[in-house]
There are 4 protein chains.
Amino acid sequence: MPEFHTTTYRVSYADTDRMDRVYYANYFVIAERARTEFLRDVGHAYKDIEASGCLFPVRNCHARYRGYAVYDDLLECRSHIGAMRHATLTFVTDIRRAGSDASLVVATVELACVGENGKPRVIPEALRDALVPYLAEA
Amino acid sequence: MPEFHTTTYRVSYADTDRMDRVYYANYFVIAERARTEFLRDVGHAYKDIEASGCLFPVRNCHARYRGYAVYDDLLECRSHIGAMRHATLTFVTDIRRAGSDASLVVATVELACVGENGKPRVIPEALRDALVPYLAEA
Amino acid sequence: MPEFHTTTYRVSYADTDRMDRVYYANYFVIAERARTEFLRDVGHAYKDIEASGCLFPVRNCHARYRGYAVYDDLLECRSHIGAMRHATLTFVTDIRRAGSDASLVVATVELACVGENGKPRVIPEALRDALVPYLAEA
Amino acid sequence: MPEFHTTTYRVSYADTDRMDRVYYANYFVIAERARTEFLRDVGHAYKDIEASGCLFPVRNCHARYRGYAVYDDLLECRSHIGAMRHATLTFVTDIRRAGSDASLVVATVELACVGENGKPRVIPEALRDALVPYLAEA
């Protein structure tokens, strides 16, 4: 089992829609926050990664909705690395209510590592090493 | 080949992020607009579908990013139905710059048909009939 | 009376909140769309203004809510110029349902004209001339 | 001097626009978060206020921009009550970088107290009492 990185998030009015749920696209914003704090906590703030000339645009993303969050929910986001290749990195974030075991939404986001010229480049070794403990793969 | 439904969308400042691109989650908002107009144009405005007691929460969504849109781009969204089951409906929206053949982003959104009690229900026959010409499946 | 520039906007699910209304901050996004089309229609697309080295960051904004828009409303946005100084420009956008005389929200946005160095600069004369017919002031 | 309530907020990619700043409307989302935590901390979670039949739609809002926040900034939001009438309540939130004295944006949001029928009603006394220490007025 890989390790998980955990953050919390409070649902705001702005996140909700008329069905009184978090609007489907907004879980990807929550997932972005989760992976930003994940990277910071392993010593590689995304802002610094970018400043070093390494960008991580999203190549694919997927969300599976088993439930939904409502206004003022305190959510717990458990993230791990689903896959790490030479030049792609996949974050998986499982979103549930704090204190609950029931997964509401799982967001999977595959990022490509590219240089400032937009060309693929190898993920920096220090970042790779920092993420290995969270990698689900064998 | 299925028919396509086409809408256009103008990228606003609000859609962009600091990379000067449309933020990854916002393509799902654009896709929502595209499928709303699609449904309206085949005679089934989503507001009316909801009022009739039939809701379509999102069960899965996926986006594949091959390119990106920038501020003030006029986008063309070509939508078709990727799959239609008894109680699920999948919209596929291919987003490109107007007048271009290069796909930037393809968003695939699977909706479940549920009643007001949240239980699955069969997609209304009139809606199904209206969408058949846009169905990609055999 | 000044002239008005008019655009329409369709309220999406993403715009709404759990009260089944357009979330209060989102009227400013609608107002941004209105002033972008306004500028384009008078021959000065904002993208081109920016490319010429002239930026218009927001200095003040205000909204007064007399009513609210709901999902799928077709809104009519009537904009004019509330004030034009040497280096500031104020857009006023009155948002109502299409075909209705009742104002829902009035958004007032004061922009500063600055150069790429961030310092105030005089609004380009061609832009000024294009906006004069829409100016409410004496 | 009134007391201030303080919260922090981390700027996400989603908050930014192509100018590499927080998009102007998004400060109102940040201000919503600040007032939600303010109310919770004085013992009146907004969700509970709503459940008791008391709603607070926004009547007016204003923001004055003296600076701007960028990606990954940790912001400090200091809120107080600018005015409290029988049926209206004004929150003022001053947004700055954590540890800085320079105000970036001040957001002022006037809420009306209404019942579930949409008619004005007096702000509940317990809520009023809880907010008095934060009231700027004489």
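Rings of Phe, Tyr and Trp (its six-membered ring) pair if their centres lie within 6.5 Å, with planes under 30 degrees apart counted as stacked, over 60 as edge-to-face and the rest as tilted. The model shown is predicted, so that local features need pLDDT of at least 70 and side-chain atom pairs count only at pLDDT 80 or more, whereas totals for chains, interfaces and linings use all residues. Residues are numbered from 1 along each chain as its sequence is written, chains are lettered from A in the order in which they are written, and side-chain values use heavy atoms, leaving out hydrogens and water.

**View 1. An aromatic cluster formed by residues of chains A and B.** A:Tyr23, A:Tyr24 and A:Phe28 form one aromatic cluster with B:Tyr23, B:Tyr24 and B:Phe28. Over all chains, the count comes to 38 aromatic pairs.

**View 2. The edge-to-face pair of A:Tyr27 and A:Tyr65.** The ring centres are 5.6 Å apart, with 70° between the planes. Because A:Tyr27 lies in helix α1 (residues 26-41) and A:Tyr65 in strand β3 (residues 58-65), the pair ties together parts of chain A that are 38 residues apart in sequence; helices (H or I, at least four residues) and strands (E, at least two) are DSSP runs, numbered from the N terminus.

**View 3. The charged end of A:Arg21 over the ring of A:Tyr68.** This charged end sits 3.7 Å from the ring centre of A:Tyr68, where the criterion is NZ of Lys or CZ of Arg within 6 Å of the ring centre and within 35 degrees of the ring normal.
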